[in-house]
Amino acid sequence: MKRQLIVMALAILSSFTASAQDWQMVIHRNGLTPLRINVETIDSIAFEPSQAEKHDYTDLGLSVMWATCNVGADMPEDYGNYFAWGETETKETYTEQNYSLKVNGVYDTSMTEISGTQYDAATVMWQDTWRMPTIEEVEELATQCTWTWTSVNGINGYRITGPSGQSIFLPAAGQMREQVVNVGSTGYYWTGTLSAEYTTAAYNLNFTGYSGRWSANRAYGFCIRPVCDR
């Protein structure tokens, strides 16, 4: 049925090819933020078996399930990859000069929430229903769980135990700019939510009080710990 709906939508859109730049395909997915794609950029559409890798999650007893590893990591204590907010590929350095969502010196503020969209590295790389957490989901992790500073296989980080009694481990992976800094002492994890205070920043979870309501320059390279819906 879903496939038929998409085919019907494509048939309708084909009649607007003369003004394709004015149209977007909007894909609604299980209550997630709709994925919007400019029609003029679509070359073809095919239905193929999912190539998404399977990733483990832990039920902490919260509103969402939390992944056991960072994006790009194989083990809970691995740091994984660093990403600028809204970018889905890694880089050697993370600066304001090479940030893709900054044009002519101005940060793009059109997206206030990128969780589950084409700008979400967790969604792009892990597929399925994986996505970056929202600010509300991170604050839930911060306020409803017990945080214990510990070490796993020689890697510092926080053991976070939820109301269910289950836990996840967030390594102190630091952050990346010209180079990686604060490794072993602090962790920085992006949310998908744009900062309400600063147009150049987005909210992140970090180990300085781990409140989740911290803003940081979107150009910095932070880790991502995905979530998925229950």
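Predicted model: local features only at pLDDT ≥ 70, side-chain atom pairs only at ≥ 80, totals over all residues.

Me: Which backbone oxygen lies 2.9 Å from a polar atom of the threonine 191 side chain?

Reply: That oxygen belongs to tyrosine 203.

Me: And where is threonine 191 placed, and is it buried or exposed?

Reply: Threonine 191 is in strand E12. The residue is buried, because its relative accessible area is 0%, and the cut-off for buried is under 20%.

Me: What is threonine 191 in contact with, leaving aside neighbours within four places in sequence?

Reply: Its contacts are Trp85, Met132, Pro133, Thr134, Ile135, Val138, Tyr203, Asn204 and Leu205.

Me: Is glutamate 137 buried or exposed?

Reply: Glutamate 137 counts as buried because its relative accessible area is 10%, where the limit is under 20%.

Me: What does glutamate 137 touch beyond its neighbours within four places in sequence?

Reply: Glutamate 137 is in contact with Ser63, Val64, Trp66, Arg131 and Val227. As for tryptophan 66, it is 71 residues from glutamate 137 in sequence, while their C-alpha atoms are 9.9 Å apart in space.

Me: How does H3 lie relative to E4 and E15?

Reply: H3 lies across E4 and E15, and runs at about 80° to E4.

Me: Which open sheet do E4 and E15 belong to?

Reply: They are in an open sheet of three strands with the order E3-E4-E15 and antiparallel pairing. Strand E3 (57-58) and E15 are the edge strands; each has a single partner strand, so one side of each has no neighbour in the sheet.

Me: How many bridges join E4 to E15?

Reply: Three bridges join this antiparallel pair. Within E15, aspartate 229 stands opposite valine 64.

Me: Changing topic: which residues touch the most other members of the largest nonpolar core?

Reply: The core has 48 residues, and those touching the most other members are Trp66, Trp85, Leu141, Trp147, Ile160, Trp190 and Ile224. Several elements each supply at least two residues of this core, including H3, strand E4 (64-67), strand E12 (188-194) and strand E15 (227-229). In general, nonpolar side chains tend to be buried together in soluble globular proteins.

Me: Ile160 is on that list. What stands opposite isoleucine 160?

Reply: Isoleucine 168 in E9 stands opposite isoleucine 160. E8 and E9 pair in the antiparallel sense over five bridges.

Me: What is the strand order in the open sheet with E8 and E9?

Reply: The order is E7-E8-E9, three strands with antiparallel pairing. Strand E7 (146-152) and E9 are at the edges, and each pairs on one side only. On average, neighbouring strands of this sheet are turned by 30° against each other, direction ignored.

Me: One last topic, the cysteines. How many disulfides are there?

Reply: The count is zero disulfides, with a cut-off that requires a pair of cysteine sulfur atoms within 2.5 Å.

Me: Are cysteine 69 and cysteine 145 buried or exposed?

Reply: Cysteine 69 is buried, with a relative accessible area of 9%. Cysteine 145 is buried as well, with a value of 10%.

Note on methods:
Residues numbered from 1 in each chain as written. Heavy atoms only, no water. Buried < 20%, exposed > 50% of the residue type's maximum accessible area, 1.4 Å probe, protein only. Contact = heavy atoms within 4.5 Å. Core = buried A, V, L, I, M, F, W, Y, C linked by side-chain atoms within 4.5 Å. Helix = DSSP H or I, 4+ residues; strand = E, 2+ residues; numbered from the N terminus. Pairing = 2+ DSSP bridges. Axes fitted to C-alpha atoms, helices over the stretch in contact; angles between N-to-C directions. Polar contact = N/O pair within 3.5 Å; in protein donor to acceptor, adjacent residues only side chain to side chain.
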